[in-house]
Every structure is written in structure tokens, then in C-alpha cells.
Amino acid sequence: MGLPPAHLVGMTRIRRNGRVIWEQEFLTGPDNMCHSIENLEYHYFKYSHLLHAGDVHVHYMGAANLSFAYSVRTEDGDSIEISIPDFGAPLVNGIAHVKSAFRPGGVKPL
């Protein structure tokens, strides 16, 4: 599969009732990262306990789009869309607030 394009431009949108209520462009890809993929892999794989034959490792390259910084609050029924035209159709996820099944301190090691 290889490396992604070096420079990608995408858009993050929040929709409410089919209407865009917030959007922001983002840049991603290796040219827009603080560290190279090679450097990330070196620092990850230098630990022998993380090396397992047959494991597949995926690097996600994100962006710092913060709708919260613009006082946007999501509501039930909203959807979040992330699109990068080079990758085809956008990723769209709906929002539904649910009561958490966990309480602080409620998660314990096995």
C-alpha cells in the first residue's frame, strides 16, 4: 500500500438537521507532521516487548481542528464529517449522547 501522499488538505464539518453549523479546513500527511514516519517507527519499535511477528501497525495522521474552541457544542442527531477528497467518500459519524457505563475509578486492570 505504501505511504500516503505527502500533503493532504481536508475538511471537518459538523452538521445539524442537514445544515453545516461549523467547518474548518485541515492539513495532514507527512509534510505537515512534526515527526517523520521513520522517526515514529524507530521510537515505537525500539522496545522489544512491542515486537510481535504478524502484528500490523497503522499510523493515523490527524489534524488539530477544535470546534470546542469556537464554542460549538454538539447535540443529539448532529453528525461529524471528515473529508479528504484524495481518499474518496467522507467519513460521517452521528452523535448520540449516552450515559456512561463507567464512573471515575471504575476501570480496573485485569
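These legends describe close-up views of a predicted model.

**View 1. The open sheet of four strands.**
The strands run in the order β2-β1-β3-β4, and their pairing is antiparallel. At the edges are β2 (19-28) and β4 (91-94), each of which pairs on one side only. From one strand to the next, the twist averages 15°. Strand β1 (residues 8-16) pairs with β3 in the antiparallel sense, over five bridges. Arg 13 stands opposite Glu 81 in β3. In general, the strands of a sheet pair through backbone hydrogen bonds, either parallel or antiparallel.

**View 2. The salt bridge between Glu 23 and Arg 13.**
The two side chains meet at 2.9 Å, N to O. Glu 23 belongs to strand β2 and Arg 13 to strand β1, so the pair ties together parts that are 10 residues apart in sequence. Glu 23 counts as partly exposed because its relative accessibility is 44%. Arg 13, at 18% relative accessibility, counts as buried.

**View 3. The salt bridge between Glu 81 and Arg 15.**
The closest N and O atoms of this pair are 3.1 Å apart. With 11% relative accessibility, Glu 81 counts as buried, while Arg 15 has 25% and counts as partly exposed. Arg 13, Arg 15, Glu 23 and Glu 81 are linked in a network of salt bridges.

**View 4. The salt bridge between Arg 16 and Asp 78.**
Here the closest N and O atoms are 2.7 Å apart. Arg 16 is in strand β1 and Asp 78 is in the loop between α1 and β3, and the pair links these distant parts of the chain, 62 residues apart. Both Arg 16 and Asp 78 are buried. The model has a count of five salt bridges.

**View 5. A nonpolar patch on the surface.**
The patch is formed by Val 56, Val 58 and Tyr 60, which together have about 420 Å² of accessible area. Val 58 is in the loop between α1 (37-45) and β3 (79-83). Val 58 counts as exposed because its relative accessibility is 58%, and the cut-off for exposed is over 50%.

**View 6. Arg 103 in the segment after β4.**
Arg 103 counts as exposed, with a relative accessibility of 61%. Between Arg 103 and Phe 87 there are 38 Å in space, C-alpha to C-alpha, and the two are 16 residues apart in sequence.

Notes. Residues are numbered from 1 along each chain as its sequence is written. This is a predicted model: local features need pLDDT of at least 70, side-chain atom pairs count only at pLDDT 80 or more; totals for chains, interfaces and linings use all residues. Side-chain values use heavy atoms; hydrogens and water are left out. Patches are made of residues with over 30% relative accessible area and no salt bridge: like charges are joined within 9 Å, nonpolar side chains (Val, Leu, Ile, Met, Phe, Trp, Tyr) within 5 Å. Accessible areas come from the Shrake-Rupley method with a 1.4 Å probe; for residues, only the protein chains shown count as cover. A salt bridge is a side-chain nitrogen of Lys or Arg within 4 Å of a carboxyl oxygen of Asp or Glu. Helices (H or I, at least four residues) and strands (E, at least two) are DSSP runs, numbered from the N terminus. Buried means under 20% relative accessible area, exposed over 50%, partly exposed in between (1.4 Å probe, protein chains only). Two strands pair if DSSP finds at least two bridges between them. Axes are lines fitted to C-alpha atoms, for helices over the stretch in contact, and angles run from 0 to 180 degrees between N-to-C directions.
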